[in-house]
Amino acid sequence: TGDGSQPGSDGSNGGDGGDGSDSDSNMGGSIEAGWAFNAVEVLDPHYVDLYQQITIFSNIFSGIVKLDRNGEIVGDAASDWTLPDNTTYEFTIREGMTFHNGDTLDASAIKWSIERLMGLDDSPHIGKVADIESVEAPDATTLRINLSRPVAPFITFLTRGPGRAGTIVNKTAVEEDPQRYRRYPVGSGPFELTERSTGESLTLTAFDDYWETDSEGNSLPYLDEVVINLIPEPSTMWSAITTDGIQYADELPPQNARQVQGGGGSVDVAGVSSGEWSCLAMLCNDPASDEWAERQSYASGNDQPTDAWEGTDIPTTDRRVRQAVAMAIDREELVSTAYFGFAEPAHSLINPAIAWAYQEQPENAQMYNPERARELLDEAGYTGEPRFSGSILGTPTDERVMTVLQQQLSNVGIDATLDVQQESSYWDNIYRYNHMFMMYGGGGDIDPWMSWWKQLRTPMEEGSSGAWQKNLYSNENFDEALSKSFNTPNQDERIEYVREAEQIFLEDAPFAMTTFPLTPKGSVTQLKNVGNQIGLSNFHRAYLEE
Amino acid sequence: MSSQFESSVTDTTGGQSAESGGEPLLSAKGLKKHFPVEQSFLDRLFGDDEWVHAVDGVDLTLAERETLGVVGESGCGKSTLGRTLSRLYEPTAGTIHFDGEEISDAEGDRLKALRKDVQVIFQDPLSSLNPRKTVGEIVGKPLAVHDIATGEAKDERVAELFEEVGLSPDLRDRYPHEFSGGQRQRVGIARALAVEPKLIIADEPVSALDVSVQAQIINLMKRLQQEYGLSYVFIAHDLSVVRHVSDRIAVMYLGKIVEEGPTHDIFEAPAHPYTKSLLAAIPSITGEMGRRTVHLDGNPPSPIDPPSGCPFHTRCPEYIDEECEADEPALQPVEQSAESDPERHRSACHWNDRDEADRAAQSPYGNDVGG
Amino acid sequence: MGMRRYIAKRVAHALVVIYIVATIVFFAVRAIPGDPARVLLGGDASAEAIAALREEMGLTEPLYVQYIRWMGRILQGDLGTSVFSDQSVLQMLIGVAEPTLSIAGLGMLIALLIAIPAGITSAVKQYQWEDYVATTVSFIGISMPGFWIGIVLLIIFADRLGWVPAFGYVSFRQGIIPWLKHIILPALAVGLPYGGILMRMTRSSMMEVLNEDYMRTARAKGLDGRLIVFKHGLQNALIPIVTVAGILLGVLLGGVVAVEIVFGIQGLGRLLIASIQRRDFPAIQGAVILISFVFVFMNLLVDVLYTSINPQIKYGGSE
Amino acid sequence: MSSQPRPTQRAGPSVSTTVTEEPPLLAVDNLHTTFTTERGDVPAVDGVSFAINEGEVFGIVGESGSGKSVTALSLLGLADGATVTADRLCFRDEDLLAKDEAALREIRGNDISMIFQDPMSSLNPVMTVGEQIAEVVRHHGDVGESQSLFAELRRKYVTGTSESSASWQRAVELLDTVGIPDPADRANEYPHQLSGGMKQRVMIAQALAGDPDLIIADEPTTALDVTIEAQILNELLDLRDEFGVSIMLITHDLAVVRETCDRVAVMYAGEMMETADTRTLFEDPRHPYTRGLIDSIPRTDDDREWLDAIEGNVPDPTAKPQGCPFRTRCDAAFSLCEEPLVAYSAEEPGHRTWCHLYNDAVANDGDEVQRVDDAEAKQLIQEHEASDDLVTPQRPNFGGEYR
Amino acid sequence: MSVSDLVESAFSGSSESGKTFGIRSDLLERFIKTIRRDLRAKIGFLVVALFGLSAIFAPMLAPYDPMSQQFPILMPPDPLSANPLGTDSFGRDLLSRLMYGARISLAVGLGAVTFGAVLGILIGLFAGYYGGYIDDLLMRAVDVMWAFPWLLIAIMLVAIFGQGFWNVMVAIGFAYIDDFARLARGEVLAIREEEYTMAAKSVGLEDYEIIFEEVFPNTVAPLIVQFTIFTARAILAESTLSFLGLGVKPTTPTWGALLGQGRGFITQAWWISIIPGIAIMVTVLGINLFGDALRDAFDVKETGQT
Ligand SMILES: Nc1ncnc2c1ncn2[C@@H]1O[C@H](COP(=O)(O)OP(=O)(O)OP(=O)(O)O)[C@@H](O)[C@H]1O
Ligand SMILES: Nc1ncnc2c1ncn2[C@@H]1O[C@H](COP(=O)(O)OP(=O)(O)OP(=O)(O)O)[C@@H](O)[C@H]1O
Ligand SMILES: [Mg+2]
Ligand SMILES: [Mg+2]
Ligand code: NI
């Protein structure tokens, strides 16, 4: 996990999966929390695709499996599981679990939940269950999932938080009013959503019949109530937590968070990795080229490719230029200036949350080397002043990073203009392929597949391969290595393919990696044991110290 | 005096032409001008359109070289009449003939030509001059608009006009606010003269001026009339002034002419009760000292909803009977005294049809008002 | 024209304006690039899913069909359902209108309470210290953006002094004091710029009134100076101020948006911005209709008020 | 109430200002009112002397800008921003110049009240006419109603003045007195609901409400039609006859003066030209300016083709010629006209002319100067001036403050 | 007279000697006199001149490149150091950014108001002069503009055309169209009552000539005052747009952007937002005082009718 590298992390990030060393002092109380988000509307896990929503609903729902404080996958509703063969998963389901509305949670309830997702055409997560052939619940405690082919990352899809496919929704409530369910979900997690006022606050109340207990047998959760306030303005969030208006902040402004690092104040800050990676994606092909005119539509859905590049040279289609850009980025400076320390430099695509595959500096890692960058640009024939110009597309949250990148690129002679777009226009633009550079990234990645398959594999008419291509990258060898990795559940074998793909990625440099961001989460010192694995904010075991 | 002017002064018959049955210079028939009280489309939607009957059926004629005085109380429609006659307002109904041509629907070039023949002098000498233009520009503008003179010629002509109205041409570059009231009115007159008009409609040209200056302006206007053979419609509320300048007088009440006739007749033998009341109220510096007799109470009724019948019946000291409320009297010749010319002295009052004796019995003035 | 008829007329007028505003918004939001389906499904949704959702949201139909359908629903009082929250737009609007109106209302009240006395003092004591103090304060109000005032106030009163909470909104139904505590800073932040402008207006309006003939008449009657100012002058000075106060509502409501963000209050402004950012057409349309509704009807209210403090205007007599 | 009609004292032509035993109601001697402006000092009133007796109608005529209004305002301390000095400015032997703002407030409305030219702008548009009159009645102080700031504001904004209160009743009574029909209803109306003539009557009623001894009427009829003008002037005369108030009538209309006034003063460019009783002035005008004025009026009885206009314009008040301000336009101007002006008395008592034609050292036949003994004339002028050389009291400049 | 002549005489006045905007040139004298006389006018003029000049000559005067991130971050102001006003969170020199910021902010302010003024005044002139249906139509359009949330216009423009100087300018300017239209119309209604417009008509001028030659020059005085006041408000509006992330292109220094960026650092680095805040305040104050002085200079009563 990101723990080891968190700047000044104070170890208060207890998990909700393993045995926390919980204090047995008078535990309970209610807290107010702040979420740095403008609106949280949908909380139906099968529809949710935004991180802030995940961070809320993971307190409300149980998954089949979940992540423990070390980022390892452990059982949640399933106490254990086995893989009789490469295409079958068999789960042992706990007994005695109930939903918030009193329904029993057993294997058949989970079966219904998975099958619901399989039937939801408009869910963003349907791809995760596309390879499921059948789901069986032979008895109340056994759940069997049969896949049509081996899917290496399948178990990660079933985690409660990031995966979402295995998050268990309640049949009665969904069938009663699916519209209402989106806003008032019924789960089986430690808290139930009891009240919400539009966009302003959500009240989570402890669920008395939550299955989990601490090591001493006390029932969880300790907290009676968590009120989640939406506070989009960072300075207000900061004021709120310093004045004890809230006891927990889902995300603090990093510059303020930096202030309290080293402790002493009334606020503790933890820099938490949410499995996030961030990069500068570079356009690798002209969308209107013969090769891509058709292919781009598989990703973008636009029948006609943009003619924005007609008659213009796209320097980033040259691999040397891309490598140069990757070398122009001083990641340490980026971390200190743009993130105020709340990030780790990224030299390759595999993020630290994928502990089994992560290497801080793999062979041929993207490292800061401006001289070499200039040489490469010279080689590529870009010697002018500036060498070339291009615009960087990003959203308002990327602005700080973009500002620093702009300066760093200009240091090697590349003139970058910034195009900051609201989220909606950002997506529109990004699939029009009319920018040379794009701020891009992903979060909650607990398997390399998650960042690579849709993002970098060659787009195909069928299936999800390359469905999220932002920069029109294609390399047959890379595709091949990725396919093999996907179909190899055995981790020791699989890692070979992952490494192979990683090397191709580093060679081609479709992305200039920047950082693995950390989210500064703040809590007042009295509040202990909030589970922050993978960037979540789980209150399962959190408590207020007297 | 300019040679251009002399050429325009060919008709020397003067005010006699109308009398002798010739074509009048200006004549209006059934002239009406109504203003909407409200303008918004919703008002029209709600059917709330009310109209101010500012001028409500006026007939009049004006001969060349003649001055027609128009008098009446404030708000009776004098200014509106003047502006409608000069086509500054579109008439709501009725016809206007000028110089033998109908002008009530003139447009474009014809209207522009009319603007050259008919000019207006306004009441308020300050408000009628654009404060941001020099008086030279103001007087020169009509010359440019009508292509009478440009460049040097224009400047010369402006200087001539200034001298004509008794202003030093050196004052050309000054702005209106730098002048006294009398001087400003001279500028207004010079502007009107610039296009060599045949007719000038003077809308209370002296009422904003002090007596000493008022006399200067009246003298000036009379002199110009004699020199250039101008005709005037002279609007005023000061009866002594009107008497001094006019050949004929029209008395207006609530948008209508209630009495019309040669100045002498009107003053010596007024026929309409309203005219009599007006005359009685004139302050005088020659007659008896002491109070004026007032026979007119209250204010004129609203022109939005004028009274039925004779418009004056609500205030008339000589009110006869229901006929006054029911029928509107027409302008009819007055045959009264030997001096008056019945053809030219007309009045709109039911008394005209009645017996002289009746009249004397009811009139608060007795039989010999002013006479 | 009677009061009722006048109001009926003005309401008709208001509805026409709102109708046009609504129509413009309908087409304008659709002219903005960006696809609600894509936003809703996340940036990485599949093309088919997006197409399906577009179909479902009725976005694939010709624009005029969408428009007619929407108009039809509006006439039945149905503002539609938010694409994002699956909530009826009307319900959402009701939820957010209260905080916004509370802030704007209190802000206006504060502005008036500061501006009018200060403006009058300033006019009466022209070029004396009172005038200079009042003018300086009003200039500070005028020249600071509302959100910035908000942040400074927040740091002083919430952060440093801890007198009031730093964020959020509590309905007045939960108690007047907590309600006030939550909205006082936002209200000040929107009220000060507005009040600053109003104060300048009051000052010049009052100065003009002081030069009126009837003020001289009042002095010639031998009345006391303060009595003249407050009895003869005030109401006359207020006449133009009321109009200006109405026209400047835009300044007030515009300020609320940024201030809501600063104080973490989910109000109409924030809803509007969020809805635009995610292209939630029904919500944008609803919010705009509500805003123009507030504008137009506040204006109507101002006009009625205007008529009542200015006896010279008969209903409908003024434009 | 003290409004018992006093016996009418119609001032006959025999009453003269200078030699009367009874002190005049108002005595003004050598009044100067100077405005300080960025264009320089404006001597709006430049040495004006006159007196008004009890029950008299005293007219002041002059062209626009001749300082008539400023004279009136100076008396009551309402000439904002001006420095007022005078040798004497006494009302009933009380020195008005010595009074401070509070003391003047007691005089205003109670002893001296004013009627202004434009009734529309001089009445408060947002107060009922009844209230505007009633407040003066209360200010007058004998109706036993509170006139504290609070009470007045409550009346204005909250309760309104009770129709049964004494002050309101009195207001209605006054409206009736000035000839307004349905006074009880009209009292509840706003000025814009009344016609011009009625508004002017309201102004008069308001002026009467304090039961004053002197009413200053500043061009009360200029904005009105002749017929209404006649009504209003008659009204004023009736009041004088009925209540015995003195009236100072300011106008630019000589005909009005002739009908209405007992005595007249003619002003020009801030200075006095001639004063006399009315009949004398019109029958025997001595000053060339007065004569010019009378001649330039078109009359209903003459058949002159040309009016006798006074040529030229009124001088700019900041650049007034030295000596007689009229000399630039005067046909009879001669060598002495640059000397300071002094008053010369004529045979008729109270008839004084500020024109050096009437210096004893000058022989003239009215318009033509025949012979001038310069030395003697100047000597005489200096003697006149010396006698005026008193200590000049000055009123502090209140600057129009609303305290 | 051709339209172009007309426009020339109305706007430049070159054909009529000694006038600008149809206003006589002694306005300048009067203006100078007002400034001499009144301390506040002096302050206003000084401030406007100072900021205007520093904006115009920013490239020459600014010590550093405003974009270059070459200094340590968040350095407090120290008059004696290399960065007298400190540095921002990227290590950029604040003094330089403030000076370049003045360029954009003042230009946006002036540009926006000019845009609003030109459209608004045209609408107002025609509506007021013609009255009737034209007035109805135009003023209803103005009502709609007024009731239309200004921010929405701004957001839409930015969404459609992207962030940028011109879009921000137009977006802000849009909000002022209705104000100018109302003011201009009100003035025209008053001026239409003046007899000189009637006189111009009687002399034979066409409507458009009357509008631009007679009416417009007489409405200019209050409009100019409104113009200065709105310029101040437009500068504030720019800062609000920046706050909402809708300002001029990112990293471009504008006062609003400085203020907006600084707000997150207010507890650690007050100077980042306080200093541009003060700059805005002083400018707005200066412009307002300047406007007051202009008004005095335009006040016809002051010169008086002699
Ligand atoms: N443009 C207009 N719109 C609406 N009503 C008007 C207009 N002009 C004049 N009126 C109305 O028409 C009537 C006659 O007005 P007009 O100005 O012609 O009177 P007048 O006799 O000239 O009065 P005065 O002596 O006061 O100048 C009045 O009731 C006036 O209010
Ligand atoms: N407040 C003032 N500041 C400067 N000059 C003033 C002021 N008030 C009046 N004046 C000047 O004093 C002179 C006399 O003015 P006043 O108002 O007394 O004239 P008037 O005789 O009443 O004229 P009218 O008949 O026009 O009312 C004028 O030249 C005028 O410009
Ligand atoms: Mg008129
Ligand atoms: Mg006067
Ligand atoms: Ni008494």
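**Exercise 1. Determine how the residues in the shell around ligand 2 divide by class, and which element gives the most to that shell.**

Solution. By class, the shell around ligand 2 in this predicted model holds four nonpolar, six polar and three charged residues, where Ala, Val, Leu, Ile, Met, Phe, Trp, Tyr, Cys and Pro count as nonpolar, Asp, Glu, Lys and Arg as charged, and the others, Gly among them, as polar. The next step is to name the closest of the 13 surrounding residues, which are D:Ser64, D:Gly65, D:Ser69, D:Val70 and D:Glu219, a residue being near if one of its heavy atoms lies within 4 Å. Turning to elements, H1(D) gives the most to this shell, with three residues; helices (H or I, at least four residues) and strands (E, at least two) are DSSP runs numbered from the N terminus.

Two conventions apply throughout. Residues are numbered from 1 along each chain as its sequence is written, with chains lettered from A and ligands numbered from 1 in the order in which they are written. In this predicted model local features need pLDDT of at least 70 and side-chain atom pairs count only at pLDDT 80 or more, while totals for chains, interfaces and linings use all residues, and side-chain values use heavy atoms, leaving out hydrogens and water.

**Exercise 2. Describe the polar contacts of ligand 2 and its cover by protein.**

Solution. Polar contacts are taken here as pairs of N or O atoms within 3.5 Å. An oxygen atom of ligand 2 lies 2.6 Å from a side-chain N or O atom of D:Ser64, and a polar side-chain atom of D:Ser69 is 2.6 Å from an oxygen atom of the ligand. Of the 630 Å² of accessible area that ligand 2 has on its own, the protein covers 68% (Shrake-Rupley method, 1.4 Å probe).

**Exercise 3. Carry out the corresponding analysis for ligand 1.**

Solution. Among the 14 residues around ligand 1, those that come nearest are B:Ser74, B:Gly75, B:Lys78, B:Ser79 and B:Thr80. A polar side-chain atom of B:Ser74 is 2.7 Å from an oxygen atom of ligand 1, and a backbone N or O atom of B:Gly75 is 2.8 Å from an oxygen atom of ligand 1. Taken alone, ligand 1 exposes 630 Å², of which the protein buries 65%.

**Exercise 4. Characterise the interface between chain B and chain D.**

Solution. Counting contacts as heavy atoms within 4.5 Å, 40 residues of chain B touch 46 residues of chain D. The area buried between these chains is about 3,900 Å², with carbon and sulfur atoms giving 53% (accessible area, 1.4 Å probe, lost on putting the two parts together and summed over both).

How values were computed: A polar contact is a pair of N or O atoms within 3.5 Å; within protein, one must be able to donate a hydrogen and the other to accept it, and residues adjacent in sequence count only if both atoms are side-chain atoms.
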